[in-house]
Each structure stands twice: as C-alpha cells, then as structure tokens.
Amino acid sequence: LLERTCAVPQSQNTLNVYMSVPAFNLVHGMLSSDQNLMRELTKPGNFKLIPVDYFETFQAGKLRVTALKANHKAFGPDEYGLNYLMYLPDGRHFLYATDTGWYPEETWAFLRGKHADTVVLEATYGGRLDRDPHPDDHLDLRSALLALERMEEIRFITKETPVYFTHINHKHDLMHADMQKTVDASDYNVTIAWDGLRIAVK
C-alpha cells in the first residue's frame, strides 16, 4: 500500500482494500503520520481502506462475503488473518482460506450450519510431519486433511465437495505428484493446485 501505483494501473476506479479492524487500525495509524501520503493513497483511482469485523458479512461488488477469523497472527494487537466465505449470485458458496492455521473454536462454531460448494485451502508445509496436527499460522497436508474432517463433521462440506490445496511453500520434500498421491488416498475430493490453475466454482 505504501507504493502509490502498487501494480494497479491509474484510473478513476478506486480499489477497495478490505482488512480486519485491528489491521485497519495499524495501517491507519502508520499512514496518519504522513497526511500527504494518506491523501495520495485515498484519492480517486487509488485505494479505499475498509475495516471489517471478524464474522462480519459485507458487500464487495456483486458478492456478499463473510470475513472469517483465521489462526494466523499478524502485527497488531488481536490482528489475525481473514479468510473469506463468499456467497455467489447463483446461490453457491465458496470458501477461500489461506493463511489459515487450525481455526479457533469460534470460527468452527460460526461455520456449523453453513456450507461450502467449493473450498480453496492452504497446505503450506506440504508433507511435513514434524508439526503440530492443529498448528498456528499455516497448515500442511496432514492438518489440512484433518481440517476437512472437521468441516465434514460440522456438515460444512461433504466428501464430494471440490477442494483445492494451495499456498504451498518449498520447506518440505514432496513433489506435486507425490502430494496429489497423498490426497488421493484420503476420503476427500482434493486437487493439489498449480500456478495458472483456473477453477469453475461448483
């Protein structure tokens, strides 16, 4: 955000940037020390910073979206990553969940009674087995599959729900084909994502 163009072509269309209230307070505090920068960033064609509460449902363009509290600590007090449950215009629900960690109980409780038709979920640390099965900050294949089990238990997904594991880093020793083989042995409909993958939300 501190770069004026920030890879966004200049236009009269403002880019809405949604963030948690703690993140907004942190960023706003940083920017408020430089009023010229604040005016430049928020003029038409640049950015509008929009705070959202954990579990708040808001309108983003044509989508209704609920901000879910993840278990990924950030920089400010009580600042955790946001995952997004999106309500598509045709009635389908899509969960986009990276920087997830093992959800806090309040998030699991919120998801109970809801459902997703498609899930994108992180499996950052791949085949690592030296991590807690319910880790903070990022998942791996084992904890991501355990998260799917929990989602099925609360009827948020079924075994047939299309799931895509993404956000995979280099700090493990499984190749893509090995990761796919691992999830193919599970009970779930998981695809290991790759750069350039496009999905149809079902």
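Let's start with helix 4: the elements covering its buried residues include strand 6, helix 3, strand 7, strand 8 (163-166), helix 5 (176-184) and strand 9 (190-192). Keep in mind that this is a predicted model.

**Helix 4, from end to end**

The buried residues of helix 4 are Leu-141, Ser-143, Ala-144, Leu-145, Ala-147, Leu-148, Arg-150 and Met-151. After helix 4 comes Arg-155, with a positive phi near 65°.

How do helix 4 and helix 1 line up with the spans expected for them? Helix 4 comes close to its expected value, and helix 1 comes close to its own. Here are the numbers.

| Helix | Residues in it | First to last C-alpha | Expected at 1.5 Å a residue |
|---|---|---|---|
| Helix 1 (residues 21-32) | 12 residues | 16 Å | 16 Å |
| Helix 4 (141-153) | 13 residues | 18 Å | 18 Å |

Helix 1 has its own buried residues, namely Pro-22, Ala-23, Phe-24, Val-27 and Leu-31.

**The largest pocket**

Ala-23 turns up again in the lining of the largest pocket, along with Met-19, Ser-20, His-72, Lys-73, Ala-74, Glu-79, Tyr-80, Gly-81, Leu-82 and Tyr-84. Strand 1 (15-20), strand 4 (63-73) and strand 5 are the elements that each supply two or more of these lining residues. Strand 5 gives the most, with 4 residues. Sorted by class, the lining has 6 nonpolar, 3 polar and 2 charged residues. The space inside this pocket comes to about 160 Å³.

Is Asn-83 buried or exposed? Its relative accessibility is 0%, so Asn-83 counts as buried. What does its side chain pair up with? One of its polar atoms sits 2.8 Å from the backbone oxygen of Thr-98, and the side chain also makes a polar contact with that of Thr-100, at 3.2 Å. Beyond its neighbours within four places in sequence, Asn-83 is in contact with several residues, among them Thr-66, Ala-67, Leu-68, Tyr-96, Asp-99 and Tyr-103. Asn-71 lies 12 residues away along the chain, and its C-alpha is separated from that of Asn-83 by 9.8 Å.

**His-138 and its partners**

His-138 is in the loop between strand 7 (118-122) and helix 4. With a relative accessible area of 13%, under the 20% cut-off, His-138 is buried. The side chain of His-138 makes a polar contact with the side chain of His-72 at 3.4 Å, and another with the side chain of Thr-124 at 3.2 Å. His-72 is one of the residues lining the largest pocket, too. Contacts of His-138, leaving aside neighbours within four places in sequence, also include Asp-99, Gly-101, Glu-122, Tyr-125, Arg-131 and His-167.

Asp-99, which is in contact with Asn-83 and with His-138, belongs to the loop between strand 6 (93-97) and helix 3 (105-111). Asp-99 has a positive phi, near 50°, although it is a residue other than glycine. At 28% relative accessibility, Asp-99 counts as partly exposed. Phe-55 isn't a glycine either, and its phi is positive at about 75°. You'll find Phe-55 in the loop between strand 2 (47-52) and strand 3 (57-60).

Conventions. Residues numbered from 1 in each chain as written. Predicted model: local features only at pLDDT ≥ 70, side-chain atom pairs only at ≥ 80, totals over all residues. Heavy atoms only, no water. Buried < 20%, exposed > 50% of the residue type's maximum accessible area, 1.4 Å probe, protein only. Contact = heavy atoms within 4.5 Å. Polar contact = N/O pair within 3.5 Å; in protein donor to acceptor, adjacent residues only side chain to side chain. Expected span 1.5 Å × (residues − 1). 1 Å grid on protein atoms, 1.4 Å probe; cavity = no way out; pocket = protein on both sides within 12 Å on 5 of 7 lines; lining within 4 Å. Points joined across faces, edges and corners; volume = space filled by probe spheres on them. Nonpolar A, V, L, I, M, F, W, Y, C, P; charged D, E, K, R; others polar.
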